[in-house]
Amino acid sequence: MLLVWAVFYLQFFNTVHGVFKELYCTIADTCECDYKPNIRDLEWDLYTNLYGQHLAQDIVSEEVKNFLANNNPDRPLVLSLHGGSGTGKTLLSSMLASHLYTSAMSSSYVHQFIPTLHFPAPERVNEYRVELKAWVEGNLTACARSVFIFDEMERMPAGVVGVLEPFLGPSHVVFQTNYRKALYLFISTTGEEVINMMALEYRREGRDREEIRASDLQQAIAQAISKTNSTGFSGSSIIEEGLVTRFVPFLPLCRRHVERCTRHQLCQQGMCGRSDVVEAVGGDMHYTPLQEQYFSTTGCKAVPAKINLFL
């Protein structure tokens, strides 16, 4: 009898708590109200709408799922996204935000930094470091599950992100919060050459691009960053100290991927049947190498403009 009452009490308490939380969230803007992760929808989005990127799909799906399943992680999740323009890096960051927070990229707990906007003057690096440290610390106190996105890392002044090193490891202390629940995304074109070269080698050998493994590129990307001065990681020990959880390679896109991007955008405009536009956009792109014409030089980035041209 006591067991029955206990079960009834728990169910009643959970129901009442849920009702009060729902009412509270209609008038409050808090991390707890906005943070509603949906891994199943994230995986569906990744595998449905991120074209030609099996490595990014697998790595991000696995790492995010495992990270969120641990309510007391020993360090933050740090993903570094690498690849050419228009291959889906920014799209993936938007997907992550959308499936972690109901407000998506507009959430108060998703923070995006663009070097030309937030850190435009290299001579002010010390000032930027102080501001960035205070910003990250303050926002982690407000929400332990904060997401920090650093775009265009190849344009980041050297030394700025070095101030994040204590936040990315296992031993730092941020009072009033578990800073290890945060997620950091670094987005860069650095390493594009080694990624594209491997994709080209596979294509010339007649092998499927899906045979490329993530492990084939992890060390190559890390070495490319270490050898390049303009990576945004310069002036820090983030790479050398192993503070990046995984490097996420984005492969160059073929014509079929460009045409899938085109059809997807046409469908969003209610024009799924315009196969003529799909073919025209695919045929009007520039491809590399010059002789073989395997990969789009701009990925899917120019697709919206091309669609407008052929409609």
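**Disulfides and helix packing in a predicted model**

A disulfide joins Cys-267 to Cys-272, with an S to S distance of 2.1 Å.

User: What kind of model is this, and how are its residues numbered?

Analyst: This is a predicted model, in which local features need pLDDT of at least 70 and side-chain atom pairs count only at pLDDT 80 or more, while totals for chains, interfaces and linings use all residues. Residues are numbered from 1 along each chain as its sequence is written, and side-chain values use heavy atoms, with hydrogens and water left out.

User: What is a disulfide, and how many does the count come to?

Analyst: A disulfide is a covalent bond between the sulfur atoms of two cysteines. Here the rule is a pair of cysteine sulfur atoms within 2.5 Å. By this rule the count comes to three disulfides.

User: Which residue is joined to Cys-31, and where do the two partners lie?

Analyst: Cys-31 is joined to Cys-143, at an S to S distance of 2.0 Å. Cys-31 lies in helix 2 (residues 31–34) and Cys-143 in the loop between helix 7 (125–142) and strand 3 (147–150), so this pair ties together parts that are 112 residues apart in sequence. Helices (H or I, at least four residues) and strands (E, at least two) are DSSP runs, numbered from the N terminus.

User: Is Cys-31 buried or exposed?

Analyst: Buried means under 20% relative accessible area, exposed means over 50%, and partly exposed lies in between (1.4 Å probe, protein chains only). Cys-31 is buried, with a relative accessible area of 15%, and Cys-143 is also buried, at 1%. By contrast, Cys-267 is partly exposed at 32%, as is Cys-272 at 37%.

User: Where are Cys-261 and Cys-300 located, and what is the hand of their disulfide?

Analyst: A disulfide joins Cys-261 to Cys-300, with S to S at 2.0 Å. The torsion about their S-S bond is about 80°, so the disulfide is right-handed. Cys-261 is in helix 11 (residues 255–268), and Cys-300 is in the loop between strand 7 (295–296) and helix 13 (303–310); the pair links distant parts of the chain, 39 residues apart. Both Cys-261 and Cys-300 are buried.

User: At what angle do helix 11 and helix 13 pack?

Analyst: Axes are lines fitted to C-alpha atoms, for helices over the stretch in contact, and angles run from 0 to 180 degrees between N-to-C directions. Angles under 35 degrees count as roughly parallel, over 145 as roughly antiparallel, 65 to 115 as roughly perpendicular and the rest as oblique. Helix 11 and helix 13 pack at about 65°, with their axes 10 Å apart, and are therefore roughly perpendicular to each other. Their contact (heavy atoms within 4.5 Å) is made by Val-258, Cys-261, Thr-262, Gln-265 and Leu-266 of helix 11 and Val-303, Pro-304 and Ile-307 of helix 13.

User: How do the axes of helix 4 and helix 5 cross, and which residues meet?

Analyst: The axes of helix 4 (residues 54–69) and helix 5 (residues 89–100) come within 12 Å and cross at roughly 30°. These two helices are therefore roughly parallel to each other. From helix 4, Ala-56, Val-60, Val-64 and Leu-68 meet Leu-92, Leu-96 and Leu-100 of helix 5. By class, this contact has seven nonpolar, no polar and no charged residues. Ala, Val, Leu, Ile, Met, Phe, Trp, Tyr, Cys and Pro count as nonpolar, Asp, Glu, Lys and Arg as charged, and the others, Gly among them, as polar.
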